[in-house]
Amino acid sequence: MNAAGKIIGAIEKFIKAVSILDGYIILAMMLMICVDIVMRVMGTSITGSVEITTMAVPVIVFFGVGYTALQGMHIRVDIIKRWPHIDRFTSLLSIVVIAVIGYFCVVQAIQVYNLSTSSTILHIPRWPFVLITAFGMFMVVLAMILNEIKIYTDILRQRGKKTNTLPEAGEEL
């Protein structure tokens, strides 16, 4: 495997690892909610459980979007699908738009950090959760770039099969 293949494999593994971590975060949040419900029935509750749940939502969403995009399971509206030759252009435009959104999320995280805003009850800083949004956007960008590379290499492979007149090693004439 060449260096580019190793880099692509490492990025795919990273995105998959983050999605597994996402699953554990969802599980922990579900358990906390269940315990909180039982405790509320008994007349008490977990302090800040609503804050924790609210702040976990962006983590859950944006840790999973990269894997979703990598697997091609994302939801999209195919308005321009009538013009198939423009599909590569819209994919590249989407990559640029999502990267710009990620950049502005980083800028927003810096502003929130400078303002020192935090949650009301537990005083959890808010800036890491804005930064997680940017992280998720950049994972989507990486996944979309990897998908475009796969499409491009498949196209090249198909063209190579059409123009290759000599049999490969082990093939019969």
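Cys-105 is buried at 13% relative accessibility, where buried means under 20% relative accessible area, exposed over 50%, and partly exposed in between (1.4 Å probe, protein chains only). Cys-34, at 46% relative accessibility, counts as partly exposed. The structure holds zero disulfides, a disulfide being a pair of cysteine sulfur atoms within 2.5 Å.

This is a predicted model, in which local features need pLDDT of at least 70 and side-chain atom pairs count only at pLDDT 80 or more, while totals for chains, interfaces and linings use all residues. Residues are numbered from 1 along each chain as its sequence is written, and side-chain values use heavy atoms, with hydrogens and water left out.

**Salt bridges**

Side chains of opposite charge can pair when their charged atoms come close. A salt bridge here is a side-chain nitrogen of Lys or Arg within 4 Å of a carboxyl oxygen of Asp or Glu. By this rule the count is three.

| Salt bridge | Closest N to O |
|---|---|
| Glu-12 and Lys-150 | 2.7 Å |
| Asp-154 and Arg-157 | 2.9 Å |

The salt bridge of Glu-12 with Lys-150 runs between two helices: Glu-12 lies in α1 (residues 3–41) and Lys-150 in α4 (residues 127–163), so the pair ties together parts that are 138 residues apart in sequence. Helices (H or I, at least four residues) are DSSP runs, numbered from the N terminus. Glu-12 is buried, with a relative accessible area of 18%, and Lys-150 is partly exposed at 35%.

Asp-36 and Arg-40 both belong to helix α1 and are four residues apart, about one turn of the helix. Asp-36 is buried at 7% relative accessibility, whereas Arg-40 is partly exposed at 46%.

In helix α4, Asp-154 and Arg-157 are three residues apart, which again puts about one helical turn between them. Asp-154 is partly exposed at 40% relative accessibility; Arg-157 is also partly exposed, with a relative accessible area of 47%.

**Helix α2**

Helix α2 covers residues 49–70, which is 22 residues. From its first C-alpha to its last it reaches 32 Å, close to the 32 Å expected at 1.5 Å a residue; the expected span is 1.5 Å times one less than the number of residues. At Gly-64, α2 bends by about 25°, the bend being the angle between axes fitted to the seven residues ending there and the seven starting there. Just after α2, another glycine, Gly-72, takes a positive phi of about 70°.
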